[in-house]
Amino acid sequence: MTALIHDQLTLHPFDGALGAEVRGDVAARIDDGLSGADVFTLLDGLRQHQVLVIKEQSMTDAQLLELASYFGPQFVAPDGIPVLGTDEQGAVTVLSNRDEKGVGSRVALPFHTDFQFMPVPLLGAVLHGVEVPPPEAGGDTLWSNMYLALDELPAELREKIEGRRGIGINPYANGIGGAGFTGDNQKYIDDVVPDFPHPLIRTHPETGRQSLYFSMFIYKIEGYEDRPEEEKELLQALRDHVDQDKYYYRHKWNNGDTIIWDNRCTNHKRDDFDQAYDREVHRVQIAGTKPF
Ligand SMILES: O=C(O)CCC(=O)C(=O)O
Ligand SMILES: [Fe+2]
């Protein structure tokens with residue numbers, strides 16, 4: 001009997017602030033069942049590098065769901081609000097600029113961490129490029145290292161947010177949201193939605209490291225209610241700080257690329273792109289736990 005021998009998956013960290021490439025034939029192995037060693041390489045790789053990149057291996061939706069499920073249970077957006085997708089959503093969110101209902105899939109996206117406005121935001125996501133524009137046509141996605149952003153936060157800013165919680169905009173709430181990337185097809189929830197504040201400095205549940213949990217969608221900071229001017233300045237200073245190029249890994253997509261990211265210690269944003277090209281990416285979101 002010949003033993004089935006194959007090389008294990010390997011991690012190759014990028015030079016910049018975060019991210020690593022996973023080499024090895026992930027797609028083919030998903031169907032056979034990834035080995036324990038391979039799954040651990042992925043899980044530990046995400047802990048260490050925050051973003052994992054698998055290059056140019058086409059994957060089916062079933063394979064993406066399988067891959068994501070090693071990291072945690074799937075998060076399915078509430079009925080009618082499949083963020084950036086359409087309201088006729090299958091198990092996997094399709095983000096396509098050709099779908100007239102996928103309004104958010106044609107525009108640039110500011111830096112954010114997914115579902116920060118919910119009581120329990122997401123652990124992470126798996127995003128797969130089915131058909132992407134050529135690299136020079138835009139549509140790059142960028143992830144930033146929020147551990148590093150906290151380490152380098154000037155002391156006077158850190159003092160202002162230590163122990164405080166931030167409140168994120170719910171883009172589906174009529175009153176404060178209306179961020180513009182929901183179509184009429186997607187439901188708005190009640191005018192007034194409850195705030196779900198989360199610590200601006202959070203502790204990662206697996207690494208124990210602290211990171212800055214702050215994105216473009218944080219619009220209020222607890223404790224500043226009677227100091228709106230100060231709050232405005234503080235929000236702007238935090239935005240300027242976290243959105244520095246040195247914190248980002250920029251991904252130029254090729255068809256078949258798959259990215260796994262940790263929403264608990266990264267932000268991501270997307271460049272706009274030439275609408276002459278199709279851009280279709282498929283996403284599986286992974287449920288998280290309450291930030292602390
Ligand atoms: O389309 C992209 O590159 C990223 C979209 C995004 O922010 C997400 O899927 O959470
Ligand atoms: Fe996102």
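How many bridges join strand 8 to strand 16? Five bridges join them, and the two strands run antiparallel. The legends below start with the whole chain and then move to close-ups.

**Figure 1. The whole protein chain is a predicted model.** Local features need pLDDT of at least 70, side-chain atom pairs count only at pLDDT 80 or more, and totals for chains, interfaces and linings use all residues. Residues are numbered from 1 along each chain as its sequence is written, while chains are lettered from A and ligands numbered from 1 in the order in which they are written. The protein chain has six helices and 17 strands. Helices (H or I, at least four residues) and strands (E, at least two) are DSSP runs, numbered from the N terminus. Of the 292 residues, 41% are buried. Buried means that 20 or more other C-beta atoms lie within 10 Å of a residue's own; exposed means 12 or fewer, and partly exposed is in between, with C-beta atoms placed from the backbone. Contacts count when two C-beta atoms, placed from the backbone, lie within 7 Å. Among contacts between residues at least 6 apart in sequence, 79% join residues at least 24 apart.

Figure 2. The order of the four strands is 6-16-8-14, with antiparallel pairing. Strand 6 and strand 14 (248–251) are the edge strands, and each pairs on one side only. Direction ignored, neighbouring strands are turned by 15° against each other on average; the axes are lines fitted to C-alpha atoms, for helices over the stretch in contact, and angles run from 0 to 180 degrees between N-to-C directions. Two strands pair if DSSP finds at least two bridges between them. Strand 6 and strand 16 are joined by two bridges. There, L109 has R270 as its bridge partner in strand 16.

**Figure 3. Strand 8 is buried along its length.** Five of the five residues of strand 8 (141–145) are buried, so the strand is largely enclosed by the rest of the structure. In a regular strand, side chains alternate between the two faces of the sheet. Here T141, W143 and N145 point one way, and L142 and S144 point the other way. Four bridges join strand 8 to strand 14. W143 has Y249 as its bridge partner in strand 14, and W143 also stands opposite H268 in strand 16.

**Figure 4. Eleven residues are listed around ligand 1: L84, L95, L109, D114, A125, L127, T141, H268, R270, V281 and R283.** A residue is near a molecule or strand if its C-beta atom, placed from the backbone, lies within 6 Å of it. By class, the shell has six nonpolar, two polar and three charged residues. Ala, Val, Leu, Ile, Met, Phe, Trp, Tyr, Cys and Pro count as nonpolar, Asp, Glu, Lys and Arg as charged, and the others, Gly among them, as polar. Strand 7 (122–131), strand 16 (266–270) and strand 17 (280–287) each supply at least two residues of the shell.

**Figure 5. The largest nonpolar core has 61 residues.** Such a core is a set of buried Ala, Val, Leu, Ile, Met, Phe, Trp, Tyr and Cys residues joined through C-beta atoms within 7 Å. V51, L52, V126 and L212 touch the most other members. Strand 7 gives the most to this core, with five residues. L52 is in contact with A20, V22, L42, G45, L46, I259 and I260, leaving aside neighbours within four places in sequence.

**Figure 6. Strand 1 and strand 2 form a hairpin.** Four bridges join strand 1 (10–13) to strand 2 (20–23), and the strands run antiparallel. L11 has V22 as its bridge partner. Six residues lie between the strands, and G19 in the turn has a positive phi of about 100°.

**Figure 7. Q50 and F115 have a positive phi although neither is a glycine.** For Q50, phi is about 75°. Q50 lies in the loop between helix 2 (36–49) and strand 3 (51–54). Q50 counts as buried because 29 C-beta neighbours lie inside 10 Å. For F115, phi is about 60°. F115 is in the loop between strand 6 (109–112) and strand 7. F115 also counts as buried, with 22 C-beta neighbours inside 10 Å.
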